[in-house]
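The exercises below ask you to read a structure step by step. Try each task yourself before you turn to the worked solution.

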Amino acid sequence: SRGEMWGQVHLSKRTQARRQAVGIVALVALASLLFLASSAAISSYIHHHVVEPIEHFLEKLGRFANNPLEPVHEVHHSSTSAKRVEMAVVENSVARFASLLRVTLGEAGSDIISRNLHNGQLVECNDR
C-alpha cells in the first residue's frame, strides 16, 4: 500500500519529466528551425541587395581597367528602391568619369588609365 503508492508517485514524476523533456526538445527544434529560416532569409536579402550590386559594379570596373577605350554605359534602373538608385548613381558617376578620362587622355592615355586601375597606385608619366 505505502510502497505501492510510492511506486505510482515515482512513475508519475518520471512520466511528467519525460513529457517536459520532449516538450523542451520540441521547443528547441522549433527555435532552431525559426533561426535557420530567418538566417536564410537575411542571407538571401543581403546577397541580392548588397553583394550582387557590388559584384556587378566591380565587374564593370574590371572591364574598364582592362580596356579603358571600351565605352562604359550608364545604368537606368526602373526600380524605386533607394539602394538600387544609390548604386546606379555611383555606377553612372564612374561611367562619366571614365568617359572624361577617355576624352582627356585619349587613346595614348588608355595605358596609363589601365596601369593605374590595376596597381591601385598612381603611375607617373615621364614622356616629356
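**Exercise 1.** In which helix is valine 51 found, and is valine 51 buried, partly exposed or exposed?

*Solution.* Begin with the location: valine 51 belongs to helix α1. Next, take the relative accessibility of valine 51, which is 31%. Since buried means under 20% and exposed means over 50%, valine 51 counts as partly exposed.

**Exercise 2.** Describe the secondary structure of the chain, and state how confident the predictor is in its parts.

*Solution.* First list the elements: the chain has three helices and zero strands, so that, read from the N terminus on, the order is α-α-α. Then recall that this is a predicted model, which is the reason to look at confidence as well. The mean pLDDT of the chain is 78, and 73% of its residues reach 70 or more. Helix by helix, confidence is highest in α1, at a mean of 85, and lowest in helix α3 (residues 110-119), at 72. As a caution, where pLDDT is low, the predicted coordinates should not be read in detail.

**Exercise 3.** How many salt bridges does a search of the whole structure find, and which side chains meet in them?

*Solution.* The search finds two salt bridges.

Step one concerns arginine 63 and glutamate 59, whose side chains meet at 3.0 Å, N to O. These two residues are four residues apart in helix α1 (residues 2-66), and therefore about one helical turn separates them. Arginine 63 is partly exposed at 37% relative accessibility, and glutamate 59 is also partly exposed, with a relative accessible area of 49%.

Step two concerns glutamate 91 and lysine 60, whose side chains meet at 3.3 Å, N to O. Here the pair links distant parts of the chain, as glutamate 91 lies in helix α2 (residues 82-105) and lysine 60 in helix α1, 31 residues apart. Both glutamate 91 and lysine 60 are buried.

**Exercise 4.** Where does valine 94 lie, and which residues is valine 94 in contact with, leaving aside its neighbours within four places in sequence?

*Solution.* Valine 94 is placed in helix α2, and its relative accessible area of 28% makes it partly exposed. Once the neighbours within four places in sequence are set aside, valine 94 is in contact with Phe57 and Leu61.

Now turn to phenylalanine 64, a residue of helix α1. Phenylalanine 64 has a relative accessible area of 6%, and therefore counts as buried. From C-alpha to C-alpha, valine 94 and phenylalanine 64 are 9.9 Å apart in space, although 30 residues apart in sequence. For phenylalanine 64 and serine 114, which are 50 residues apart along the chain, the separation of the C-alpha atoms is 7.8 Å.

**Exercise 5.** What percentage of the residues in the chain is buried, and what is the accessible surface of the chain?

*Solution.* Of the 128 residues in the chain, 16% are buried. The accessible surface comes to about 10,300 Å², and carbon and sulfur atoms account for 61% of that surface. To complete the picture, consider the contacts with a separation of 6 or more, of which 60% are made by residues 24 or more positions apart.

Note on methods: Residues are numbered from 1 along each chain as its sequence is written. This is a predicted model: local features need pLDDT of at least 70, side-chain atom pairs count only at pLDDT 80 or more; totals for chains, interfaces and linings use all residues. Side-chain values use heavy atoms; hydrogens and water are left out. A salt bridge is a side-chain nitrogen of Lys or Arg within 4 Å of a carboxyl oxygen of Asp or Glu. Buried means under 20% relative accessible area, exposed over 50%, partly exposed in between (1.4 Å probe, protein chains only). Contact means heavy atoms within 4.5 Å. Accessible areas come from the Shrake-Rupley method with a 1.4 Å probe; for residues, only the protein chains shown count as cover. pLDDT is the predictor's confidence in each residue, from 0 to 100.
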